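Morning, everyone. Please take a look at the next structure with me.

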Amino acid sequence: MEEQLIIRLGAALAVGLLIGIERERSKGQGPRRAAAGVRTFTLIALAGAIALEVGGLPSFLVVAGVIGAFAALSYLRSFKRDAGLTTEVAMVVTVLLGGLALSEPQVSGALAVIVTII
């Protein structure tokens with residue numbers, strides 16, 4: 001059982017890394033750069049997976065809500081110079097995919113590839 005959990009957490013890690021690499025490339029540099037990159041997206045996916053594993057659906061919903069709040073704050077910080085929501089939506093999708101990786105790691109990985117392409 002423990003080995004399966006490690007594999008599923010690894011899938012969540014991979015999901016966050018994949019999406020994070022793309023967002024890092026797109027976020028720019030200097031004072032105008034976007035809020036999240038490789039490390040942030042990796043942590044977001046892992047947070048979703050860990051919350052679901054440790055505390056079940058209630059904990060997962062709290063973590064997803066916190067990530068959603070951070071995404072909203074990020075948008076409020078940057079909407080005057082960039083009205084796009086891609087990074088913020090990707091943050092919410094990444095936490096969902098991190099949680100999905102615990103039960104359906106292949107589906108989560110496939111969806112992460114699609115999200116990265118989009």
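A few ground rules. This is a predicted model, where local features need pLDDT of at least 70, side-chain atom pairs count only at pLDDT 80 or more, and totals for chains, interfaces and linings use all residues. Residues are numbered from 1 along each chain as its sequence is written, and side-chain values use heavy atoms, with hydrogens and water left out.

Start with the cores. A nonpolar core is a set of buried Ala, Val, Leu, Ile, Met, Phe, Trp, Tyr and Cys residues joined through side-chain atoms within 4.5 Å. Buried means under 20% relative accessible area, exposed over 50%, partly exposed in between, with a 1.4 Å probe and protein chains only.

The largest core has 14 residues. Ile19, Phe41, Met91 and Val95 have the most contacts inside it. Which elements give two or more residues to this core? Helices H1 (2–26), H2 (38–78) and H3 (86–103). Helices here are DSSP runs, H or I, of at least four residues, numbered from the N terminus. H2 gives the most, with 6 residues. Another core, of 5 residues, lies apart; Ala11 and Leu102 are among them.

Now the salt bridges: a side-chain nitrogen of Lys or Arg within 4 Å of a carboxyl oxygen of Asp or Glu. The count is 2. Glu22 pairs with Arg23 at 3.1 Å. Glu22 also meets Arg25, at 3.2 Å, N to O. Why can those two meet? Arg25 and Glu22 are 3 residues apart in helix H1, so about one helical turn separates them.

Buried or exposed, Arg25? Exposed, at 66%. Glu22 is buried, at 16%.
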